[in-house]
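This report covers helices, charges and backbone geometry in one model. Please keep the sequence and structure in view while reading.

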Amino acid sequence: MPVRIIQYGVGPIGSAIVRALLERAGVMIIGAIDIAAEKVGRDLGQVIGGRPLGITISDRADEVLAQRADVVVHSTSSSFEQVFDQVLACVRAGSHVVSTCEELAYPFRKYPELSRRLDEAAKAAGVAVLGAGVNPGFVMDKLVLTLAAVCQRIERVFVRRVVDASQRRLPLQRKIGAGMTVEEFREAVDAGRIRHVGLPESVALIAEGLGMEVEAISETIEPILAEEDVTTEYLRVRKGHVAGVRQIARGIARGEERIHLDLHMYVGAKNPVDEIRLFGTPEIGLQIPGGTPGDLATAAVVVNAIPLVMQAPPGLRTVLDIPMRFVAAF
Ligand SMILES: NC(=O)c1ccc[n+]([C@@H]2O[C@H](COP(=O)([O-])OP(=O)(O)OC[C@H]3O[C@@H](n4cnc5c(N)ncnc54)[C@H](OP(=O)(O)O)[C@@H]3O)[C@@H](O)[C@H]2O)c1
């Protein structure tokens, strides 16, 4: 029997996920949900830039979810509070959920009560819910924990990810403030519009995975300015204007910084890289020159997670509970 899937949210990431799903055998997409007026009523295949699939995108989530998919793949928003009712509806319809919502990667610390409610609902329905993706969900947390398997003792964790956002989708270029003046950037940061979401969640995942009792997680955000004019497929950044963000998240345990995550995400970045360094016994590091390609990798992680989530114990899960590996066949 093919795995029956509903795609909830057909933005650039939802579209990339659908394209990746169409490449896999053993999968059947049975429905698609989105509220954007320019997508509702249109064929899913055409909206993602391919051949018609005979699936009409609907904004009536309850009607689509009533088909009771095996798995709902969810990619609408980064905020756990915003997606809570959407994910709860999927769970109540009896479907497992894999979501790219960044805060869902580890919601327990920031939203203990909502997390408890979602966990209980998932257990009652006998389904699993997972927040998955490349970051959070892999490069700055799960990969760190995987590397940590060869350590006897870990005192400190350092991770640096440098992303050339010129290669990424428009919503991401907007979310990092590319093209703004510094004043506009600071206003947008204060209003909560500019920020990569997910670094504190990665700190929390690492802390739990390593058994570090982190008493505080802090985060800073600063603009990175363009050293020359940069033109992307979507926008132009003038020299001296904002090219993107540098965000640092720190996990403090027993008064000392034990986890340091340093994310540079900007258009025109010269040397993209993912770098992990674990200080302890042995001291060990890992570099991915060029960095992990965010959007392609997110679609891959989500698709690979589908059969794993179907086998997971019911409840609100994290990548700590799931092996996260390549799955050749569903
Ligand atoms: N964890 C990771 O590694 C990772 C990686 C990539 C992306 N993400 C996250 O995944 C999410 C999707 O990314 P994206 O770039 O595709 O975002 P996007 O451009 O905002 O697309 C989201 C789509 O979902 C629709 N939508 C919003 N609220 C909805 C609702 N209540 N019901 C149905 N549809 C709704 C949006 O419609 P409107 O345009 O009308 O709002 C839009 O069409 C984002 O939150 C992104 O930050 C996570």
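## Terms and basis

The expected span of a helix is 1.5 Å times one less than its number of residues. Helices (H or I, at least four residues) and strands (E, at least two) are DSSP runs, numbered from the N terminus.

The model is predicted: local features need pLDDT of at least 70, side-chain atom pairs count only at pLDDT 80 or more, and totals for chains, interfaces and linings use all residues. Residues are numbered from 1 along each chain as its sequence is written, and side-chain values use heavy atoms, with hydrogens and water left out.

## Helix α9

Helix α9 covers residues 199–210. At 1.5 Å a residue, its 12 residues should span 16 Å. The end C-alpha atoms are 17 Å apart, which agrees.

Buried means under 20% relative accessible area, exposed over 50%, and partly exposed in between (1.4 Å probe, protein chains only). In α9, 9 of the 12 residues are buried, so the helix is largely enclosed by the rest of the structure. The buried residues are L199, P200, E201, S202, V203, A204, L205, I206 and A207.

## Salt bridges

A salt bridge is a side-chain nitrogen of Lys or Arg within 4 Å of a carboxyl oxygen of Asp or Glu. The count by this rule is 17 salt bridges. K110 pairs with E103, and their closest N and O atoms are 2.7 Å apart. K110 is partly exposed at 46% relative accessibility. E103 is buried at 4%.

K123 forms a salt bridge with D119, with the closest N and O atoms 2.8 Å apart. Both residues belong to helix α5 (residues 112–125). They are 4 residues apart, so about one helical turn separates them. An α-helix has 3.6 residues a turn, so residues three or four places apart point the same way. K123 is partly exposed at 46%, while D119 is buried at 17%. Elsewhere, E113, R116 and E120 are linked in a network of salt bridges.

## Strands β11 and β12

D262 forms a salt bridge with R246, the closest N and O atoms being 2.7 Å apart. D262 lies in strand β12 and R246 in strand β11, so the pair ties together parts that are 16 residues apart in sequence. D262 is buried, with a relative accessible area of 4%. R246 is partly exposed at 34%.

V245 also sits in β11. Its relative accessible area is 0%, so V245 is buried. V245 and M265 are 20 residues apart along the chain, and their C-alpha atoms are separated by 5.4 Å.

## A negative patch

E183, E184, E187 and D190 form a negative surface patch. Patches are made of residues with over 30% relative accessible area and no salt bridge; like charges are joined within 9 Å, and nonpolar side chains (Val, Leu, Ile, Met, Phe, Trp, Tyr) within 5 Å. Asp and Glu count as negative and Lys and Arg as positive, while His and the chain ends are not counted. The place of a charge is NZ of Lys, CZ of Arg, CG of Asp or CD of Glu. Accessible areas come from the Shrake-Rupley method with a 1.4 Å probe; for residues, only the protein chains shown count as cover.

E184 is found in helix α8 (residues 182–190). This residue is partly exposed, with a relative accessible area of 41%.

## Backbone exceptions

Most residues other than glycine have a negative phi, and most peptide bonds are trans. Which bond into P136 is cis? The peptide bond from N135 to P136 is cis, with omega near 5°. P136 is placed in the loop between β6 (128–131) and α6. The bond from T281 to P282 is also cis, with omega near -10°. P282 lies in the loop between β13 (273–281) and β14 (284–289).

R68 is not a glycine, yet has a positive phi of about 55°. R68 is in the loop between α3 (61–65) and β4 (71–74). R254 has a positive phi near 45°. Its loop joins β11 (242–253) and β12 (256–266). R254 is exposed, with a relative accessible area of 71%.

## Helix α6

T146 lies in helix α6 (residues 142–147). T146 is partly exposed at 48% relative accessibility. T146 and G14 are 132 residues apart in sequence, and their C-alpha atoms are 27 Å apart in space.
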